[in-house]
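Please find below a colleague's note on the two-chain model under discussion. The points are numbered so that they can be taken up one by one.

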Amino acid sequence: MDDFQTGLVELLPRLRRFARVLRSRDADAQDLVQQTVERALAARSKFRVGTRLDSWTFTIMRRIAIDEGRSSLRWGRVVSPEDDATARVADAALADEGLRADALAVRDAIHALPDDQKHAVALVLVEGLSYAEAAEVLGVPAGTLTSRLVRGRQALIQTLSAQGVTG
Amino acid sequence: MTRYDDEILMRRIDGELSAEAGERIDAEALNDPELAARLERMRALRAAAREAFAVQPDPRDQALARLIAGAEPVVSPWTRFARALGEAFAPRRAALWGGLAAATFIGGLMIGPLLDGRNDGFVLAPGGEIADAGLIRVLDRRLASEGADGDGRAVVLTFRDGDGRWCRTFRAGDAGVAGLACRENDAWSIRALAPSAAGSGEIRTAGADTPAAVLAAVDTSLAGDVLDGAAEAEARDAGWR
């Protein structure tokens with residue numbers, strides 16, 4: 001394997017984490033990781049040495065997530081709330097063993113954010129990217145990133161304190 | 001006492017403030033319980049978000065790692081195409097290609113099989129029509145005198161064929177291929193394509209020789225002369241009508 005491949009393998013756990021923020025259902029998150037890896041491999045000639053592989057790959061994943069969102073709207077694909085809840089319970093049982101109830105509440109609150117805010121929160125709070133890096137991944141000016149982050153955070157603090165979750 | 005807005009506090013927590021500005025806020029928080037509480041809420045939220053989405057080992061990552069490890073070292077949209085061409089031009093097939101080059105081969109006919117029937121959509125549409133937006137732009141707009149673009153794509157010769165169609169030869173340095181495309185039904189159709197010696201992945205701006213197979217196709221198609229720079233610009237500005 002060359003550096004690109006090694007880097008991508010090392011990035012897998014973080015890609016999966018980012019996907020889990022973008023997609024609440026485990027199967028959807030897995031699809032997203034798989035597609036992102038495939039597209040990253042196919043597009044690797046466009047990767048410039050010296051740029052950050054994580055930001056580059058997050059950008060790919062975010063684009064796929066947005067395109068999927070659009071096409072599911074376009075095709076009117078509707079997941080019934082019941083199906084969704086069932087799947088989530090199953091996922092939670094599999095993936096969240098031992099996770100505190102508070103952490104689950106935080107996860108739900110982040111999933112419930114509008115996409116723009118959710119993506120900003122995912123990149124900065126969860127992934128620890130700088131504002132400049134996150135803005136680049138999202139393809140927005142720094143000011144836009146900042147305001148999404150402020151609104152997302154305010155919404156989260158509000159939701160969680162209403163539920164008595166201190167974090 | 002300063003009233004800080006959420007954005008400043010958020011920047012403090014996220015490490016996006018200068019050290020001095022951060023220390024100033026921390027110092028004020030020592031004497032301002034409300035400010036301290038707001039900072040703490042934000043700090044706790046950041047920690048909680050990371051905890052809620054902790055990195056977890058996942059057995060499915062093994063399969064993905066194998067997928068990555070098994071990937072070809074270099075994969076550009078054109079690579080498979082170029083590899084297939086290189087294979088086709090291998091000496092043991094020289095006789096086959098000698099005949100084809102002399103007769104000019106038509107994209108859809110020859111290239112389809114080379115791609116195993118799998119058309120990636122961005123290279124060629126059925127029938128040999130070019131569907132790669134970057135290459136279309138180069139063929140539509142680029143002048144020979146401008147050399148190669150950032151992807152190593154350049155136009156070399158421009159002329160009309162026996163039926164009055166505009167034709168242009170191009171090099172796609174990123175792909176390591178060169179070819180001849182002609183204007184048909186308001187689109188560019190591939191007439192000939194061959195691996196180009198210039199393309200080894202590196203972007204070349206210097207003129208490189210057009211492969212013999214492409215030149216042979218030019219000779220077969222050409223009616224009259226190739227255009228000079230002025231006539232080329234004129235034809236472009238007229239939209240290749």
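1. Basis of the note. This is a predicted model, in which local features need pLDDT of at least 70 and side-chain atom pairs count only at pLDDT 80 or more, while totals for chains, interfaces and linings use all residues. Residues are numbered from 1 along each chain as its sequence is written, chains are lettered from A and ligands numbered from 1 in the order in which they are written, and side-chain values use heavy atoms, with hydrogens and water left out.

2. Extent of the interface. With contact taken as heavy atoms within 4.5 Å, 49 residues of chain A and 36 residues of chain B take part. The two chains bury about 3800 Å² between them, 62% of it on carbon and sulfur atoms; buried area here is the accessible area (1.4 Å probe) that two parts lose on being put together, summed over both. On the side of chain A, the residues that lose the most area to chain B are Arg16(A), Tyr131(A) and Arg153(A), which together make up 16% of what that side buries.

3. The rule finds four salt bridges between chain A and chain B, a salt bridge being a side-chain nitrogen of Lys or Arg within 4 Å of a carboxyl oxygen of Asp or Glu. In a salt bridge of 2.7 Å, N to O, the side chain of Arg16(A) meets that of Asp61(B).

4. Make-up of the chain A side. At least two residues each of the side that touches chain B are supplied by helices H1 (3–22), H2 (26–42), H5 (101–111), H6 (115–126) and H8 (142–162) of chain A, where helices (H or I, at least four residues) and strands (E, at least two) are DSSP runs numbered from the N terminus. H1(A) gives the largest share of that side, ten residues. By class, the side of chain A that touches chain B holds 25 nonpolar, eleven polar and 13 charged residues; Ala, Val, Leu, Ile, Met, Phe, Trp, Tyr, Cys and Pro count as nonpolar, Asp, Glu, Lys and Arg as charged, and the others, Gly among them, as polar.

5. The disulfide. Over all chains the structure holds one disulfide, defined as a pair of cysteine sulfur atoms within 2.5 Å, and Cys167(B) and Cys182(B) form it with their sulfur atoms 2.0 Å apart. Cys167(B) lies in strand E4 (residues 166–172) and Cys182(B) in strand E5 (residues 177–184) of chain B, so the bond ties together parts that are 15 residues apart in sequence. The torsion about the S-S bond is about 110 degrees, so this disulfide is right-handed. Both cysteines are buried, on a scale where buried means under 20% relative accessible area, exposed over 50% and partly exposed in between (1.4 Å probe, protein chains only).

6. Salt bridges within chain A. The count over all chains comes to 26 salt bridges. One of them joins Arg17(A) to Glu127(A), with the closest N and O atoms 3.0 Å apart; Arg17(A) is in helix H1 and Glu127(A) in the loop between H6 and helix H7 (131–138) of chain A, 110 residues apart. Arg17(A) is buried at 6% relative accessibility, and Glu127(A) is buried with a relative accessible area of 6%.

7. Salt bridges within chain B. Arg183(B) and Asp140(B) form a salt bridge whose closest N and O atoms are 3.7 Å apart. Since Arg183(B) lies in strand E5 and Asp140(B) in helix H8 (residues 133–141) of chain B, the pair ties together parts 43 residues apart in sequence. Arg183(B) counts as buried at 15% relative accessibility, whereas Asp140(B), at 24%, counts as partly exposed. A further salt bridge brings the side chains of Arg241(B) and Asp186(B) together (3.5 Å, N to O), and both of these residues are exposed.

8. Backbone points to check. Asn185(B) has a positive phi of about 50 degrees although it is not a glycine; Asn185(B) lies in the loop between E5 and strand E6 (187–195) of chain B and counts as exposed at 75% relative accessibility. Trp240(B), likewise not a glycine, has a positive phi of about 55 degrees; Trp240(B) is placed in the segment after helix H10 (229–237) of chain B and is buried, with a relative accessible area of 5%.
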